[in-house]
Amino acid sequence: MQGQIYKIHSDFYYVQNEGKSFECKIREVLKKQREKIVVGDFVEFDGGVISKVLLKKTYIPRPSVANVDQIVVVSALKHPDLDLHQLNRYISLAKYYKIPVVLCFNKEDLGLDACEQDKIISIYGKLGYEIVFTSALEKRGLKEFYNLLKGKVTALCGNSGVGKSSLINALNPNVNLRTKEVSEKLNRGTHTTRHCEIIALDATSAIVDTPGFSNVRFDFLLPADVDLLFDEIAQYRDYCKYGDCLHINEDGCRVLNHIEEIDESRYESYVEFVSEAIEYKEHIKYNGVKRETSHKFKNNKVQAKISDKKRQASRNTRKQMIYKEIDDNADE
């Protein structure tokens, strides 16, 4: 049978198939291959054992989830305060993994003045992102929010305390996810969602509730590639004087010539991400990234490697067998 993993807890994988739930373990060979299995994966299983993981349509490693149609980045307008730099991190991460993004600004009941709303729309609406303002507490904007989710599998992501679980509860009261108040002292939420889980909203729509997290760093790509995560910057990259221009203080930079057209918070986020990418470049420059391991990738799977010592021993054995066969034939 085929189904989709909707929850992982300890060593158990919960698979949905035709409205039924199955508690499964993974076949031992998949463990040896170190096959990456995450919530959202479509799998083949039989007798409570997963034997094969099907090809992922989309994948994001943190939070680990596969086969989502879009990501909704949930931000709180207040309590915790709106953080545009953190929002830019989530947007850029989704862009890096080529997953469409919708922006939800929650806790509208705590106050949203016209200037703040206009600023949000002028920055992100101009970039083509769909935007919705909601209040899970007062159930405002939920119809518009649901319309953006209809017929899709959507991963909710955002900092702890922004109201992801509250929004899901408001859309489907039967879910009844646990929520917790934001810390007054720290002005941030505490983790109530401990793992990724696909939650059905209706027959055609589902949400992946993810743990809140904030430590998203761009220390895994090169500095010259960071501008590809910002459309308003990337549109000028091919017209700069130098091909490796970082658009910070270089001569003949077309981005700096149009800097007034780029929102200040977006450009500040870009510079911050470049700094993180430079750290990564320096690390691989002096430390390298190649590691000798006991495993190798083949056909999109991890397989055990034979050590050089054992490989040579195997070759010697084959040679001895060949020579013995030659000698035996000669004796005859």
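Reader: Does Ser-265 count as buried or exposed?

Author: This is a predicted model. Ser-265 is found in helix α8, residues 264-287. Buried means under 20% relative accessible area. Because its relative accessibility is 11%, Ser-265 counts as buried.

Reader: Which residues does Ser-265 touch, not counting residues up to four places away in sequence?

Author: Ser-265 belongs to helix α8. With residues up to four places away in sequence not counted, Ser-265 touches Leu-84, His-85, Asn-88 and Ile-123.

Reader: Which residues make the contact of α2 and α3, and how do they divide into nonpolar, polar and charged?

Author: On the α2 side the contact is made by Leu-84, Leu-87, Asn-88 and Ile-91, and on the α3 side by Lys-119, Ile-123 and Tyr-124. By class, the residues of this contact divide into 5 nonpolar, 1 polar and 1 charged.

Reader: What is the handedness of the crossing of α2 and α3?

Author: The two helices pack at an angle of about 30°. Their crossing is right-handed.

Reader: How many residues of helix α5 are buried, and what do they pack against?

Author: Helix α5, residues 164-171, is mostly covered, with 6 of its 8 residues buried. These are Lys-164, Ser-165, Leu-167, Ile-168, Asn-169 and Ala-170. They pack against helix α4 (142-149) and the strands β8 (70-76), β9 (101-106), β11 (153-157), β12 (197-200) and β13 (206-209).

How values were computed. Residues numbered from 1 in each chain as written. Predicted model: local features only at pLDDT ≥ 70, side-chain atom pairs only at ≥ 80, totals over all residues. Heavy atoms only, no water. Axes fitted to C-alpha atoms, helices over the stretch in contact; angles between N-to-C directions. Helix = DSSP H or I, 4+ residues; strand = E, 2+ residues; numbered from the N terminus. Left-handed = near helix turned anticlockwise from the far one by under 90°. Contact = heavy atoms within 4.5 Å. Nonpolar A, V, L, I, M, F, W, Y, C, P; charged D, E, K, R; others polar. Buried < 20%, exposed > 50% of the residue type's maximum accessible area, 1.4 Å probe, protein only.
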